[in-house]
Amino acid sequence: MKKSELLNELQEEYKQWKALLDEIGPARMDLPGVTGHWSIKDIVAHLTGWRRRTVARLQAAQRGEPDPPSPWPANLQTDDEINAWIYESNHERSVGEVLDESHQVFQQLLSAVEGLPDNVLMDVQQSLPWLEGNPLSAAAIFSHSHDEHEPDMRAWLARVEKH
């Protein structure tokens, strides 16, 4: 995939994400119960926490360096432990702070992709081993959001709008 195509796909994914968040509205983003006790704000912070790692990995690839350490404490090994840490680190933050950080990290993602040398995009298996042989694509970057969180968010929104 050409870099320009990837950047366009990322922008389109983000546009759709923003449309969903706009539909929910900031006033409802603190309400619990979307996924367990998590609110929309908690999900946004969760996705941003993981996306921050993707950005760091892409920035390292720009420089021809190995994967950097994860942004969470090294003693956290399982996804559940990491997710709990991200939740605890962000739960008391305001909706505005979480949304602002989410936007900033997405802009960093675009910059990191833009700065990738062509040889990285040509040989992602060698350059980006964390993709496990999959192509670098907007679908890959947003798949967790679509698969794991968007259905819950939309179902929660439908329940909230009924009341």
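Which exposed residues does the face of α3 turned away from its buried side carry? The answer is in point 3.

1. Basis. This is a predicted model, in which local features need pLDDT of at least 70 and side-chain atom pairs count only at pLDDT 80 or more, while totals for chains, interfaces and linings use all residues. Residues are numbered from 1 along each chain as its sequence is written, and side-chain values use heavy atoms, with hydrogens and water left out.

2. Confidence. The mean pLDDT (the predictor's confidence in each residue, from 0 to 100) of the protein chain is 94, and 100% of its residues reach 70 or more. Confidence is lowest in helix α6 (residues 124–127), with a mean of 83, and highest in α4, with 98. Helices here are DSSP runs of H or I with at least four residues, numbered from the N terminus.

3. Helix α3. This helix (residues 79–90) has 12 residues and reaches 16 Å from first to last C-alpha, close to the 16 Å expected at 1.5 Å a residue; the expected span is 1.5 Å times one less than the number of residues. Ile 82, Asn 83, Ile 86, Tyr 87 and Asn 90 are buried, where buried means under 20% relative accessible area, exposed over 50% and partly exposed in between (1.4 Å probe, protein chains only). They cover an arc of only 135 degrees around the axis, which puts them on the same side of α3; the arc is taken from the directions from the helix axis to the C-beta atoms. The face turned away from the buried side carries the exposed residues Asp 80 and Glu 88. The buried residues of α3 pack against α2 (40–62) and α4 (95–114), contact meaning heavy atoms within 4.5 Å.

4. Helix α1. With 22 residues, α1 reaches 32 Å between its first and last C-alpha, close to the 32 Å expected. Its buried residues include Leu 10, Tyr 14 and Trp 17. Seen down the axis of α1, the buried residues fall within an arc of 145 degrees, so they line one face of the helix. Asn 8, Lys 15 and Asp 22 are exposed on the other side. The cover over the buried residues of α1 includes α2, α4, α5 and α7. Just after α1, Gly 25 takes a positive phi of about 85 degrees.

5. Nonpolar cores. A nonpolar core is a set of buried Ala, Val, Leu, Ile, Met, Phe, Trp, Tyr and Cys residues joined through side-chain atoms within 4.5 Å. Of the 42 residues in the largest one, Leu 10, Ile 40, Leu 58, Leu 128, Leu 136 and Met 153 touch the most other members. Apart from this core lies another, of 5 residues, among them Trp 50, Trp 72, Ile 82 and Ile 86.

6. Ala 112. This residue is in helix α4 and counts as buried at 1% relative accessibility. Leaving aside neighbours within four places in sequence, Ala 112 is in contact with Val 55, Leu 58, Gln 59 and Gln 62.

7. Aromatic pair. Tyr 14 and Phe 106 form a stacked aromatic pair, 4.0 Å centre to centre with 5 degrees between the planes. Rings of Phe, Tyr and Trp (its six-membered ring) pair if their centres lie within 6.5 Å; planes under 30 degrees apart count as stacked, over 60 as edge-to-face and the rest as tilted. Both Tyr 14 and Phe 106 are buried.

8. Backbone check. Glu 132 has a positive phi of about 50 degrees although it is not a glycine. Glu 132 is found in the loop between α6 and α7.

Key:
Helix = DSSP H or I, 4+ residues; strand = E, 2+ residues; numbered from the N terminus.
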